[in-house]
Amino acid sequence: MKSIAIVTDSNCGMSPAQVKDLGIYMLPMPFFIDDKEYLEDIDMNQSEFFQHLEQNPGCKVSTSQPTPESVTTLWDKLLKDYDEIVHIPMSSGLSSSMQTARMLAEDYDGRVRVVNNQRISGTLRYSAIEAIQQAKNGLSADEIGTWLEETRFDSSIYITIATLKYLKQGGRITPAAAAIGTMLRLKPVLQIQGEKLDAFSKARTMTQAKNTMTKAIKDDIADRFGEKINLDVIHSHNLEAAEEFQKEVLTTFPNIGEVNIFPLSLSVSCHIGPGSLALTCSKVHPEIW
């Protein structure tokens, strides 16, 4: 049986310590503050990032994909110890990093399988964990990649945005739409399924937004996933609200047993800003465990 390294990027929302414990390798995603590059948990942590935004409200934040050199350096290092690599980047609909990785993999004689998994945050985390399990089950890198692509739509993310400032700054919405939304105190609920980031609903209060997200997950359980699911609460600099939401979710879904809390990665927070809350759902595939 070939040895296989599982690689993802920091948009999975896990810390370096968490991925190390799971046996996963993580590529840090770069972000920029006033054109200076940073890497999460290497040059700047979550607390420092949001403190900087608060103290410098006029600063410009943006993101980029990893450099080709950073990708190939990690691959070259891993291929000294492993036969193959399964590389699971963030959704191809939200970044061009997957397309770049596929081009780079052409020079690796089939030893690197880049997966168009079309996930991010908590759902990307579960893909990496399932990939680890499938490697233990004896699947090859190509077989794991094919399976991850076949099951990529077995997940949903619903996220409520507290401020429209950063969506406007990143060109995700027009200045006019941001102004109207701010004036009306709207909290948009966005949906991520597959490669698309779409508007799902509008709320006036966070309570209304949480109810909307919870109902959407109930509908997904009934119509798409069944009862065997993983749920995560994700937040950006909003831990207290996330802990409260976690209790509410456990009450609503008593059979889940566990709901984890993870911070939104900083490269995603650059587009979302502080104060967001999200509920992510990933279908469990019991046949692989």
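1. The lining of the second largest pocket consists of five nonpolar residues, two charged residues and no polar ones. The model is a predicted one, and the pocket has a computed volume of about 150 Å³. Its lining is made up of Tyr 25, Met 26, Leu 74, Lys 77, Leu 78, Asp 81 and Tyr 82. Two elements, strand 2 (25-27) and helix 3 (68-78), each give two or more residues to this lining. Helix 3 has the largest share, with three residues.

2. The largest cavity is lined by residues from several parts of the sequence, including Asp 9, Leu 27, Met 29, Gln 65, Pro 66, Val 71, His 87 and Pro 89. Ser 97, Thr 100 and Ala 101 also belong to this lining. By class, the lining has six nonpolar residues, four polar and one charged. Helix 4 (residues 97-105) gives the largest share, three residues.

3. Helix 4 deserves a separate point. Which of its residues are buried? They are Ser 97, Met 98, Thr 100, Ala 101, Leu 104 and Ala 105. These residues lie on the same side of helix 4 because they cover an arc of only 160° around the axis.

4. What do the buried residues of helix 4 pack against? Their partners are helix 3, strand 6 (84-88) and strand 7 (112-114). Helix 3 was already named in point 1, as the element with the largest share of the lining of the second largest pocket.

5. Strand 8 (155-160) and strand 9 (187-193) each supply at least two residues of the lining. The largest share, three residues, comes from strand 8.

6. How do the lining residues of the second largest cavity divide by class? Seven are polar, three are nonpolar and one is charged. For the largest cavity, the counts are four polar, six nonpolar and one charged. For the second largest pocket, they are no polar, five nonpolar and two charged.

Methods: Residues are numbered from 1 along each chain as its sequence is written. This is a predicted model: local features need pLDDT of at least 70, side-chain atom pairs count only at pLDDT 80 or more; totals for chains, interfaces and linings use all residues. Side-chain values use heavy atoms; hydrogens and water are left out. On a 1 Å grid over the protein atoms alone, a cavity is a set of points where a 1.4 Å probe fits but cannot get out, and a pocket is an open set with protein on both sides within 12 Å along at least five of seven lines; lining residues have an atom within 4 Å of a point. Helices (H or I, at least four residues) and strands (E, at least two) are DSSP runs, numbered from the N terminus. Ala, Val, Leu, Ile, Met, Phe, Trp, Tyr, Cys and Pro count as nonpolar, Asp, Glu, Lys and Arg as charged, and the others, Gly among them, as polar. Grid points are joined across faces, edges and corners, and a volume is the space filled by probe spheres set on the points. Buried means under 20% relative accessible area, exposed over 50%, partly exposed in between (1.4 Å probe, protein chains only). The arc is that of the directions from the helix axis to the C-beta atoms. Contact means heavy atoms within 4.5 Å.
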